[in-house]
Amino acid sequence: MKFARRLVAGTLVAGALALSLTGCGGSVDPSERLARRTAEATPDAGGATPSAAPSGPAPTPAPGGASDEAYKKWGLTTPLQYAPKPDRKPQIPKPGPGKVPVIDRIPVPADDKVVFLTFDDGAEKDPEFLKMAADLKLPISMFLTDSVASSDYGYFEKLRDNGSASTINNHTLTHPNLRTLSFEAQKKEICGQQDRLEKRFGQRPPFFRPPFGNYNDDTLRAASECGVSSLLLWRASMQINNFQYAEGSALKPGDIILAHFRGPGELKGTTETQMTTRMLQRIQEQGYRIGRLEDYL
């Protein structure tokens, strides 16, 4: 019972700090960025609507599997460490009736130094990042917004299918602040993206992340009715060079890390691969391994 109270308190802290962290709300105004990209978006690269991927989940490889030399290629001084799939999934407190649980940190043992990588939106589609993620076999949980990602969903399909067991999840159709919308409008945003991702990729995503980390009871009910199993937030947000933390000044076991598909125009000249290298360096400096989020939930 005490843990449940702590988890709820933690999620409220994360939600309250969402706008101060560069979660979908930081020094770069993502609503303006997404509005610009929305006008440019098309159903997929080339304008054609692609057929859905074959139904049924692909086999899940173990996290990691990068070659011995891959880390050097991408600016790391030592190989990344990956956490194996746990024997049993951690227990998540059950939500109220008709709602989904809110998770910002996976409840792992205090000595299990594992963190999880998540990337939001889908505005930037850097081919070099595809190479990096494939070389390092980074297990990434993607949360895609249709209005920006759909201009080339094939890019994220390649990222999903690179052998790292990365996954595609829901980040709404148009990236609104859900707390300002009615229940029906929230449901349209969430269910609409569930439908589009299922049609495009052959699976209905289990996880949902609200834009800006903003949600209310209507969000939790709408997500449940749309077939979502969990609402995911975060405890650390990657900036250009360093993390911002929801609390304290260091990573903690089970932290969910937030990053974005962003390019030099929004990262003050830094590329997405450079930002990711710095993120991985910070994880290594603090002695953490990288886990696959879906193996724990």
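Q: What makes Leu-76 or Ile-290 a contact of Leu-280?
A: Contact means heavy atoms within 4.5 Å. Leaving aside neighbours within four places in sequence, Leu-280 is in contact with Leu-76, Leu-80, Leu-117, Met-132, Leu-136, Leu-138 and Ile-290. The model is predicted, so local features need pLDDT of at least 70 and side-chain atom pairs count only at pLDDT 80 or more, while totals for chains, interfaces and linings use all residues. Residues are numbered from 1 along each chain as its sequence is written, and side-chain values use heavy atoms, with hydrogens and water left out.

Q: Which residues touch the most other members of the largest nonpolar core?
A: Leu-280 and Ile-283 do, in a core of 42 residues. Helix H4 gives the largest share of this core, five residues. A nonpolar core is a set of buried Ala, Val, Leu, Ile, Met, Phe, Trp, Tyr and Cys residues joined through side-chain atoms within 4.5 Å. Another core, of 29 residues, lies apart from it and includes Val-102, Phe-143, Ala-223 and Leu-231.

Q: Why is Ser-141 called buried?
A: Buried means under 20% relative accessible area, exposed over 50%, and partly exposed in between (1.4 Å probe, protein chains only). Ser-141 has a relative accessible area of 1%, so the residue is buried.

Q: What makes the pairing of Ser-141 and Glu-294 a polar contact?
A: A polar contact is a pair of N or O atoms within 3.5 Å; within protein, one must be able to donate a hydrogen and the other to accept it, and residues adjacent in sequence count only if both atoms are side-chain atoms. The side chains of Ser-141 and Glu-294 are joined at 2.9 Å. Ser-141 is found in strand E3 (strands, E, at least two residues, and helices, H or I, at least four, are DSSP runs numbered from the N terminus).

Q: Why is the link of Cys-191 and Cys-226 called a disulfide?
A: A disulfide is a pair of cysteine sulfur atoms within 2.5 Å. Cys-191 and Cys-226 have an S to S distance of 1.8 Å, and are joined by a disulfide. Cys-191 lies in helix H7 and Cys-226 in the loop between helix H8 (217-225) and strand E6 (230-232), so the pair ties together parts that are 35 residues apart in sequence.

Q: Are these cysteines, Cys-191 and Cys-226, buried or exposed?
A: Cys-191 is buried at 14% relative accessible area, and Cys-226 is buried at 2%.
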